[in-house]
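This report walks a new reader through parts of one structure. Please look over the sequence and the coordinates before reading on.

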Amino acid sequence: MCGASLSWSGAPSPELLVVQRYVTSQARRWVIDNETSDAAYVQQVLNGNSDAFTRLVDRYYERCARFAVRMLGDRDDAEDALQQTFLRAYRSLGRYQEQDRFSAWLYRILVNQCRSAAAQRGRRERVFVREETALLNAADRRQGWSGEDEELVQRILAELDPLLREAFVLKYVEELSYEEMSAATGVGVSALKMRVKRACDRLRARWEHIKDD
Amino acid sequence: MRSSLLRAIALLAIATTVSFAQDTLDPAADPLRRLDPSTRYAVEMLMDSARLARLPYGPLESKALEGIAKRANGRDILVAVRRVFRALRDARAALGPSATADELTAAAGALRAGIAASELSLLAATRNGKPLTMPLVVLADLVTRGVPRDTAAFTIFQLWQRGAADDDFLGLWRSVERDIVSGTNPSVALLNRAREIPAKGPSTAVPPAAGVRPEDAKS
Amino acid sequence: MTDELDSLDPNVRWIVTEARRPVPADAAARDRLIDAINAEPVPSRGLRLVTWLLQPRRLVLPPLATAALAAGLVGVGVLGGIAINRDGRPAAVQLPAAAAGQTQLPDSLAPRAVKFVLIAPQATNVSLVGDFNGWDSGASPMKATDGTWTVFVSLQPGLHTYSFVVDGRHFVSDPTAPIAPGDGFGHRSSVVLVRQPSL
C-alpha cells in the first residue's frame, strides 16, 4: 500500500535519522515512507507522465478531504476546495522546490483554499454557526451524549473561530508539527501555539457547558 | 545560444513584478515575515484578540506593514498597532455592534484626533441606517487641520442631524480645506461653509451602508 | 503523537478522536478531479515561464476600469463619487452603466478603478502605497508626464489609507485628500473612501 521504500546506500542516510525522530507516531512513519517517493512522482509528472499525479492524489485526497470537511463543515464546499487545491498544485508543480516536503507544500495550498472558500461564504458561515449552536443544544437535550457522532463534532468545531479551528485541526487532527503548520499558514510558531491553546480552552469550556445542561 | 536567450528571458520574468491571479502560490500569505519574532508574535496576538472581539483585524496588520515600509523599529510598530487596537475597541464601544469595519476605522481615526467617544455615540444614535464613515473622516481631518474639537464635532453633528449626505460632507471638506490653505481661520472656515449646506428632510434617500463585514474587511 | 493526546482534557481528546475519523471519499468527486487534471496542459519547470512571457501580455483590469479607460475618462479618481481635477474643480463622472453588469463579484464587492495623482516634478520615482497593497512600494509604481505622476489602482469599495513614496524614502500625503490622523511613525497618510457602484 505504501509502495516506496527508503533507499539505503551503506552509510546511515538522513532518512534514518528522520525516521528515528518520528518513529513513535504511526502517522509520521507513513509520512516519511512516502516522502522520497512524493518527490519522485513530482519529477515524473514534470517529465511528462501525468498519471504520476494521480498517485499523489490517491495518497493525499482523503487526508485533505478530512481537513477540508472539518474546516468548512459542508461536504460540497469541501469538495470544491479540494478540487481547487489539487488543480492548483498540479498547475504550480513546476514551481515546487525539491527541498520542500510535498505534503507541506500541498497543505499550504489547501489551507489557503479553505480560507478563500470560507471567506466567500462569509455571512452564510456566521449564520450557520449561530443556527448550529442552537441545534446543538437542542440535540443534546434529546439524545444525550452519544459516543460516535461526527455531526456533533462537526458542529462543535464550527463554533470555534476559524483561525483557532484551523490551528487545532492542523495540530491534532492532521498532526502537523508546528514548523509545518507555520509553513502552511504563514503564521509564526508562537502564535500558532497560542491559537491551539485557546482552541482547547474554548472546547473544554464549551464541553463543560454541554454536560451541565 | 537559444537556451541562454531563454534563460535571460526567464530571469527577466522573475525580476518583473506583474502578478497574474490564478496560479501563483501567494507569497503575501506571510506578510509579517519581516518583523522580528517577538514583535511578530505580539502583533499576531493582537490580531487574534481583535478577531475574537469581532473587531476588524485588517487595520492592525496594515499598520504593521506600514511600519515595516517606513522602516520603524519593532517597538514603535507594536506601539502603533496596539494604539489601533485600542482605538477600534473604543470605537466599537462608542458606535455599537452594528458598526461596519469602515465606520470603526473612521471612528478610530476621529478618536485618535481627539474627538470624544460621547460625540461618536451621539452620531451613532441618530444614524437611521446611514453610514457614518464619511462624516467621521471629515471630522478627523478638520480637527487635524486646526479646527477646535468642540466646534468641529458640534458642526458635523448638526449637519448630520439635518440630513447631510456623503456628498455634502465631501463638498464641505473640500471648500473648508481650500479656505484653510488660503489662510482663513479653520474654525471660521468651517462655520461659514457649513451654513451653505441646506437642511434636508429626514426622508432623504440615501444609498444603503457599504456593509463591509469586520471579519473579511481586510481592505 | 499519542503522548500529546494523553495530555489533553478527556473531552477534547474525544473531539480529536472523532475528528480524526476519515471522511468517506466520494469516488465521483475524485474522478471529476482526475478528469479535470487530465484536461490540463502538463506542467513543466522553467519552460512554462518562457511560454508565458512569449504570449501577448494583458494587464488584467476589472471590467469597470477597462470601460472607463476605453471611454477616455481621465480624473476617474473617485473620491466620494466626484472626480477631482488637479485645479480643484469637481467634474461629475458617469461610469458606463453597462460595465456595472459585467462584474463577477456581487456589486457591493466589485472593485473600482481609482486614479491617484501627485505633482512632483523634482522626483525621480514615485509609488503609491497603502492598505490595499501591503504598503509595498514596488506594487504600484507611478508614471510621470511632465512632472505629474499618476497611477490607476483597482480598489474595493470602502475606506482606504494610503501615501505616496517619493524617491524611495519620503512619505508624502496626498494634498487633495483628507488626512488620516497620526500614522504613529511621524508621517501623515491620506484617506480615500471608494463608493460602491450605484445600483
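Strands here are DSSP runs of E with at least two residues, helices are runs of H or I with at least four residues, and both are numbered from the N terminus.

This is a predicted model, in which local features need pLDDT of at least 70 and side-chain atom pairs count only at pLDDT 80 or more, while totals for chains, interfaces and linings use all residues. Residues are numbered from 1 along each chain as its sequence is written, and chains are lettered from A and ligands numbered from 1 in the order in which they are written.

**The sheet of chain C**

Three strands of chain C form an open antiparallel sheet in the order S3-S6-S5. S3 and S5 of chain C stand at the edges with a single partner strand each, so one side of each is left without a neighbour in the sheet. From one strand to the next, the twist averages 30 degrees, with angles taken from 0 to 180 degrees between the N-to-C directions of axes, which are lines fitted to C-alpha atoms, for helices over the stretch in contact. Strand S5 (residues 143–145) of chain C pairs with S6(C) in the antiparallel sense over three bridges. In the hairpin of these two strands, which has two residues between them, Asp146(C) takes a positive phi near 55 degrees.

| Residue | Opposite residue in S6(C) |
|---|---|
| Ala113(C) | Ser154(C) |
| Lys143(C) | Thr150(C) |

**The helices of chain B**

Chain B has ten helices and zero strands. Of its 219 residues, 46% count as buried, meaning that 20 or more other C-beta atoms, placed from the backbone, lie within 10 Å of a residue's own.

Helix H7 (residues 133–144) and helix H9 (residues 166–181) of chain B pack at an angle of about 15 degrees, with their axes 9 Å apart. That makes H7(B) roughly parallel to H9(B), a term for angles under 35 degrees. Residues in contact have C-beta atoms, placed from the backbone, within 7 Å of each other, and the residues that make this contact include Met134(B) and Val138(B) of H7(B) and Phe169(B) and Trp173(B) of H9(B).

How values were computed:
Two strands pair if DSSP finds at least two bridges between them. A residue is buried if 20 or more other C-beta atoms lie within 10 Å of its own, exposed if 12 or fewer, and partly exposed in between; C-beta atoms are placed from the backbone. Angles under 35 degrees count as roughly parallel, over 145 as roughly antiparallel, 65 to 115 as roughly perpendicular and the rest as oblique. Two residues are in contact if their C-beta atoms, placed from the backbone, lie within 7 Å.
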